[in-house]
Amino acid sequence: MKIEDLTWGMVESLIKKEKRAVLPLGSVEQHGKLSLGTDMILARKVALEAAEPLGVPVYPVLAYGVAPYFAAYPGTVSLKMGTYLKVVEDILESLYQSGHRKILIVNGHGGNAFAGGLAQEWLGTHEDARVRLHNWWAAPRTWERVQAAEKGSSHASWMENFPWTEVDGVAYETQKSKPPLDLEILRQKGPRAVRAFVGDGNFGGTEKRDAALMEEIWDIAVKETRDILENGWAD
Ligand SMILES: [Zn+2]
């Protein structure tokens, strides 16, 4: 359930029997021919669908993430790493004060994954809490299915092209696959050089695959996330 559909009183009673909560992390950044909001849309949706049958509250997605390397692509927003850690820490602190003790962070963007280190540090002063950071697209079952369908698929390719991340009026290539970029070379470059190197924004793979495959992958991702929410906690 969405936190914005509840009152504070409902959360107060819910927390007496339900200690879990979900915090989705997104990014607003270039995604080739897909929506600039791809990572925030997917993290929010996978979190909501995973949590729905369990009755676990889902906080609004932290839309902005850390993506300095895409600064030369218009529409991209990036928080500095230090800013991001402070924001995530303040959110964790607020969730803790509300009474949540099992916090699943559903992350949709590789550049935010370093927040997992912060969570471990934060546990040092909140020993009765549990925090788990879940990179939903890179989780074993989801990643295995994606790579089995098309090896080398990456950022802004078909693997992120769902009906909810496509942009109206854009035509997507379904036949030709872009060869994967060398990410170790990419990581050495500043934003303008990254844009020159990456071009359209896709890191590798076809732009669009068939609807049945996308439904299958989405279903795996939702179930995998739900499984962690149900069974993925330390004592
Ligand atoms: Zn993405």
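Reader: Which residues lie nearest the centre of the largest pocket?
Author: Those are Tyr69, Gly110, Gly111, His155 and Phe203, out of 28 lining residues. A pocket here is an open set of points on a 1 Å grid over the protein atoms alone, where a 1.4 Å probe fits, with protein on both sides within 12 Å along at least five of seven lines; lining residues have an atom within 4 Å of a point. One caution: this is a predicted model, where local features need pLDDT of at least 70 and side-chain atom pairs count only at pLDDT 80 or more, while totals for chains, interfaces and linings use all residues. Residues are numbered from 1 along each chain as its sequence is written, and side-chain values use heavy atoms, with hydrogens and water left out.

Reader: Ok, and which helix gives the most to that lining?
Author: H5 does, with three residues. Helices H2 (38-51), H5 (140-149) and H6 (183-186) each supply at least two. Helices are DSSP runs (H or I, at least four residues) and strands are too (E, at least two), numbered from the N terminus.

Reader: How much space lies in there?
Author: About 630 Å³. The second largest pocket has about 150 Å³, and its lining includes Trp164, Arg209 and Trp218.

Reader: Where do His31 and Glu160 lie?
Author: His31 is in the loop between strand S1 (20-25) and H2, and Glu160 in the loop between H5 and strand S4 (177-178), so together they tie parts that are 129 residues apart in sequence.

Reader: Is His31 buried or exposed?
Author: Buried, because its relative accessibility is 1%. Buried means under 20% relative accessible area, exposed over 50%, and partly exposed in between (1.4 Å probe, protein chains only). Glu160 counts as buried as well, at 10%.

Reader: Last one: what does the side chain of His126 contact?
Author: The side chain of Glu93, through a polar contact of 3.2 Å. That term means a pair of N or O atoms within 3.5 Å; within protein, one must be able to donate a hydrogen and the other to accept it, and residues adjacent in sequence count only if both atoms are side-chain atoms. His126 sits in the loop between helix H4 (115-123) and strand S3 (130-135).

Methods: Points joined across faces, edges and corners; volume = space filled by probe spheres on them.
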